[in-house]
Amino acid sequence: MDKEYVGFAALPNQLHRKSVKKGFDFTLMVAGESGLGKSTLINSLFLTNLYEDRQVPDASARLTQTLTIERRGVEIEEGGIKVKLTLVDTPGFGDSVDCSDCWLPVVHFIEEQFEQYLRDESGLNRKNIQDSRVHCCLYFISPFGRGLRPLDVAFLRAVHDKVNIIPVIGKADALMPKETQVLKQKIRDQLKEEEINIYQFPECDSDEDEDFKKQDAEMKESIPFAVVGSSKVVKNVGTRPVRGRCYSWGTVEVENPHHCDFLNLRRMLVQTHLQDLKEVTHDLLYEGYRARCLQSLVRPGARDRASRSKLSRQSTTEIPLPMLPLAETEKLIREKDEELRRMQEMLEKMQAQMQQGQAQGEQSDAF
Amino acid sequence: MLLTGQSGLGKSTMVNTLFKSKAWQSNLPSLEVPIPQTLELHSVTHVIEEKGLKLKLTVTDTPGFGDQINNDKCWDPILSYINQQYEQYLQEELLITRQRHIPDTRVHCCVYFVPPTGHCLRPLDIEFLQRLCRTVNVVPVIARADSLTIEERDAFRNRIQQDMNTHCIDVYPQKCLDEDINDRILNSKIRKQIPFAVVGADREHLVNGRCVLGRKTKWGVIEVENVAHCEFLLLRDLLIRSHLQDLKDITHNVHYENYRVLRLNESHQLPRGPGWVNLAPASPGQLTSPGPGKASRKSYRDTKDDEC
């Protein structure tokens, strides 16, 4: 007799259709000093010209520029799958003579997105929550330095528990192969020494085939990725046209794994780990933020309840839903108190007037 | 010669390349050297010989420049070092019994390494260049130029020249110091090409049967002495072959004299602190006569007589 066939083997297809219909969104932040090839790399990664009408500020403008946060959105489609990509750029980072605390606007921005999501999640209508949280931050390290500079360390330290960090060495065609290896090792050592948590690639499943495992291991070995970006296509004689940079001593091919790690970065960011980046942002980084936020809102006495409920989200009824941060709630209460007081005063005035009027009326009656 | 710029821009390698001898112990292979917390100045002196002619070369490096988070006033130690050398020479000159040949430790040329961002000069570059150009001959170069294509280099160079004009940065060869029409023609050509886009290397590789100094990558070998690859040869010719004596002359006749005049005028006031950057702009009479050697010698003697 045939085995019983229920039919839930078709579940993945249903999921697939639903997610394709829903579409994907992803927010990527790029940070690093100017002149490291960030814009060119983004254009190469997503094969779009996100920076078409870009005006690079001249030196006089730079003297007074402070860090700004810019958001650009683009919809990319490939093979019927739509992705809404939001790019967050940080022009002005590391540009001034005195860069103390120049990373604070970035930290503030990331936390703002978390706060927005927290508010939406705690709200009444949760049907269409827009996820504007930053899912990944590509941090560009200069190939000319001797590893991470003090500014790099300060920035990474400030954001490593709030966003997935992928360190990248920009303009890697300035380095010889041996120099690249030495620099990568130095950066890895420094990251460990400074206890900076970069995004950890999950271990691949044991049932994956050998090729995939080898690829995966290679990819992990090459962090930080040494990348070269280019949106120009070079047509060399005898070979097929490739994207690259044409020098008088040779041509660097962007998509050649021997020349740079661009392919690795693209594979990792787009093909294999996009979803994981989003999940880590949601499950780990966002939950961490939420816990910190809730703990600071609850009264000291009820802190035990707060810590218990952090572990089990089912008992959310024990905690008052934090609609707004503490300062704002207090402000609202004060405003309402003011209003009540004013209304009371008005009422008393009206009563007094009425009494007066009555008294006058009686008097006039008496007369 | 003073080399300055952020770390990792190839200053030490450039010195080796310039003089084709290991005048500098490069610490590139081991990146163990930590970035110093404060700016340091390392001087190395070497005597180099070619065709019977000896050249005593002193190269000063400045590791730690511009590497911190807050780089405000990071140029002070450098300026005070340069002024210290002028002071030393001045003291020797003012002695009653002077040596026949005063040892000259003054900085004749400051090579400033601009990072190859491809955009424009950074605020730190501008602040530093503005202050330095009034004290010493400055030759800016685009460092590690192997990360820029030819078009990018030209665009970058134009931006830098524009920025220098806007911010009144007068680098060597200074326009106002051209003596005659020949100088002007020669120097204008050089001024159009400044800053030179350079690449340094201290290893040799085999290319087409020749042994050349260069950097070997997977896509080709960058030959340092090939004019089509980079402008290192132009820098070398400027610093050593054609303008070495001119650099020394201008340092002695213009920059040193400016310093001297200021010091003598202030000799009644309290001595200044280190890194005094507020040099009054030299009066036009000083700058337009590059060869006032004799004239100012005379004036010096007069003041000495007055003091006596």
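**The interface of chain A and chain B**

Reader: How many residue pairs are in polar contact across the interface of chain A and chain B?

Author: In this predicted model, the rule finds 11 residue pairs in polar contact across that interface, both residues of each pair being at pLDDT 80 or more.

Reader: Which elements of chain A give two or more residues to the side that touches chain B?

Author: They are helix H3 (59–63), helix H5 (150–159), helix H6 (177–193), strand E8 (242–247) and strand E9 (250–253) of chain A. H6(A) gives the most, with 5 residues. By residue class, the side of chain A that touches chain B divides into 22 nonpolar, 11 polar and 12 charged.

Reader: What makes the pair B:Glu152 and A:Arg245 a salt bridge?

Author: The closest N and O atoms of B:Glu152 and A:Arg245 are 2.7 Å apart. The cut-off is 4 Å between a side-chain nitrogen of Lys or Arg and a carboxyl oxygen of Asp or Glu, and therefore the pair qualifies. Across the interface the rule finds 3 salt bridges.

Reader: What area is buried between chain A and chain B?

Author: The buried area is about 4,200 Å², and carbon and sulfur atoms give 59% of it. A:Val97, A:Arg146 and A:Trp249 supply 22% of the area that chain A buries against chain B, more than any other three residues. The contact takes 45 residues from chain A and 47 residues from chain B.

Reader: Which residues have the most contacts inside the largest nonpolar core?

Author: That core has 151 residues, and A:Leu28, A:Trp103, A:Phe155, A:Ile166, A:Phe225 and A:Leu269 have the most contacts inside it.

Key. Residues are numbered from 1 along each chain as its sequence is written. Chains are lettered from A and ligands numbered from 1 in the order in which they are written. This is a predicted model: local features need pLDDT of at least 70, side-chain atom pairs count only at pLDDT 80 or more; totals for chains, interfaces and linings use all residues. Side-chain values use heavy atoms; hydrogens and water are left out. Contact means heavy atoms within 4.5 Å. Buried area is the accessible area (1.4 Å probe) that two parts lose on being put together, summed over both. A polar contact is a pair of N or O atoms within 3.5 Å; within protein, one must be able to donate a hydrogen and the other to accept it, and residues adjacent in sequence count only if both atoms are side-chain atoms. Helices (H or I, at least four residues) and strands (E, at least two) are DSSP runs, numbered from the N terminus. Ala, Val, Leu, Ile, Met, Phe, Trp, Tyr, Cys and Pro count as nonpolar, Asp, Glu, Lys and Arg as charged, and the others, Gly among them, as polar. A nonpolar core is a set of buried Ala, Val, Leu, Ile, Met, Phe, Trp, Tyr and Cys residues joined through side-chain atoms within 4.5 Å. Buried means under 20% relative accessible area, exposed over 50%, partly exposed in between (1.4 Å probe, protein chains only).
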